[in-house]
Number of protein chains: 2
Amino acid sequence: MYEQLFSSIRDRVRLADNEAEEIKRFFVPKKIRKRQFLLNAGEVCRYIAFVEKGMLRSFSVDLQGHEQVVSFACEGWWISDLSSFLSGDEAVYNIEALEDSELLLLTTESMEEMLNHIHGMERYFRLLMQNHIVSLQRRLVASLNYSAEDKYRKLLEINPDIISRAPLQHIASYLGVTPETLSRIRKQVSRKP
Amino acid sequence: MYEQLFSSIRDRVRLADNEAEEIKRFFVPKKIRKRQFLLNAGEVCRYIAFVEKGMLRSFSVDLQGHEQVVSFACEGWWISDLSSFLSGDEAVYNIEALEDSELLLLTTESMEEMLNHIHGMERYFRLLMQNHIVSLQRRLVASLNYSAEDKYRKLLEINPDIISRAPLQHIASYLGVTPETLSRIRKQVSRKP
DNA sequence: TTTCGGACTTGATCCAGATCAAGAAAACTC
DNA sequence: GAGTTTTCTTGATCTGGATCAAGTCCGAAA
């Protein structure tokens, strides 16, 4: 149940032998079925979730009721409404399971306690944040300057998992195009990869 | 020379009386003239810069030689190629002064030392990072789902400083539109605000 | 196994914003 | 302050992707 988590941590920091066991107790395992919501916009986001198995998406809903997919998370990724989690404000995003999933939840309090006890985790989360900023910035530049097809190809290259597992409509929203357009692009790309 | 910096810090954390003086010594003041570069893509970004006065932009240049403005920084903002600064890799962004500017530079080593000495600064930088993530995410959603005019109006509302001080071509690039389009939008908006 | 509803595809049309082109207005030279 | 360069504006045209409108293809439920 904790394989993905420890592999994510050990990719970034060195753990003492006993620390791995210690770390486990800060997390609450949770199974969630396809289509269930982990978070509804308007609630306070009480935890960040690490995905051991399965896949989720976060999305906002605008005034006209259109959904905007903000992120996906497969095995080895974290997902949350960071702003709400860290500040305690109401969440603006919803989080929904796209497959039956197994999560490890970390509350604000557990996180704080863990950071105090296990020094390496401070570094782990700082590295995560940094990577997150870098990848958001890349996505932003891509969204402003690339064509729909180029954005699709880039996603296919960097995150083929998402392409193969998420439904087309959600990928379309994530890329900022309509499902019709993505369907055409997909045909195009499968013809001339 | 340090007014903006301390106001930025005191907005987020409480400082002991003597700490303000202590903090100063970690920074290197630097004046930079309009059109000078603080960072060239390909170099390693050795510091993050706090803007006491003036204005800068960061931008990348793609394979066809087109510039893509990633961020602006006026008084009270930080600017850097975070990825390069934190990892020591080559910078992908350039940083250029758009006005004669006064900066406070913080190197990796100074930063580390400061974080060890003055505990509140750890929190300060964590809060900065968080805010940065939240605002990047907002910008991303806007860039994918808003019309050019809406993005312009949003920027005008949130950051009128940028609109009034940066040259049109750079604002256009920041918003992901052509200068021609932004010129027309501007006329439109000035007519019907 | 049929049947129903959502998810995907395909085609026709439309439009926001790009591109191309040419002036007008600032902004740096000397 | 005249001349040169750069930036901005305006107009005409073009195009990637949106929108609208049918289908078609599932998978789940009975």
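## Cysteines

The sulfur of A:Cys74 lies 19 Å from the closest cysteine sulfur, that of A:Cys45, which is too far for a bond. In chain B, the sulfur of B:Cys74 is 18 Å from the closest cysteine sulfur, in B:Cys45, again too far for a bond. A disulfide is a covalent bond between the sulfur atoms of two cysteines. Here it is counted as a pair of cysteine sulfur atoms within 2.5 Å, and the count over all chains is 0 disulfides.

A:Cys74 counts as buried, at 5% relative accessibility. B:Cys74 is also buried, with a relative accessible area of 5%. Buried means under 20% relative accessible area, exposed over 50%, and partly exposed in between, with a 1.4 Å probe and protein chains only.

## Basis of the values

This is a predicted model, in which local features need pLDDT of at least 70 and side-chain atom pairs count only at pLDDT 80 or more, while totals for chains, interfaces and linings use all residues. Residues are numbered from 1 along each chain as its sequence is written, chains are lettered from A in the order in which they are written, and side-chain values use heavy atoms, with hydrogens and water left out.

## Contact between the chains

In this model, 24 residues of chain B are in contact with 24 residues of chain A (heavy atoms within 4.5 Å). About 2500 Å² is buried between the two chains, and carbon and sulfur atoms give 70% of this area. B:Ile133, B:Leu140 and B:Leu144 supply 24% of the area that chain B buries against chain A, more than any other three residues. Buried area is the accessible area (1.4 Å probe) that two parts lose on being put together, summed over both.

## Cavities

There are 2 cavities of 30 Å³ or more. A cavity is a set of points, on a 1 Å grid over the protein atoms alone, where a 1.4 Å probe fits but cannot get out; lining residues have an atom within 4 Å of a point. A volume is the space filled by probe spheres set on the points, which are joined across faces, edges and corners.

The largest cavity has a volume of about 40 Å³. Residues from both chains line this cavity, including A:Leu140, A:Asn145, B:Gln68 and B:Arg139. The second largest cavity holds about 30 Å³ of space. Its lining includes A:Leu38, A:Cys45, A:Tyr47 and A:Ile95.

Notes: On a 1 Å grid over the protein atoms alone, a cavity is a set of points where a 1.4 Å probe fits but cannot get out, and a pocket is an open set with protein on both sides within 12 Å along at least five of seven lines; lining residues have an atom within 4 Å of a point.
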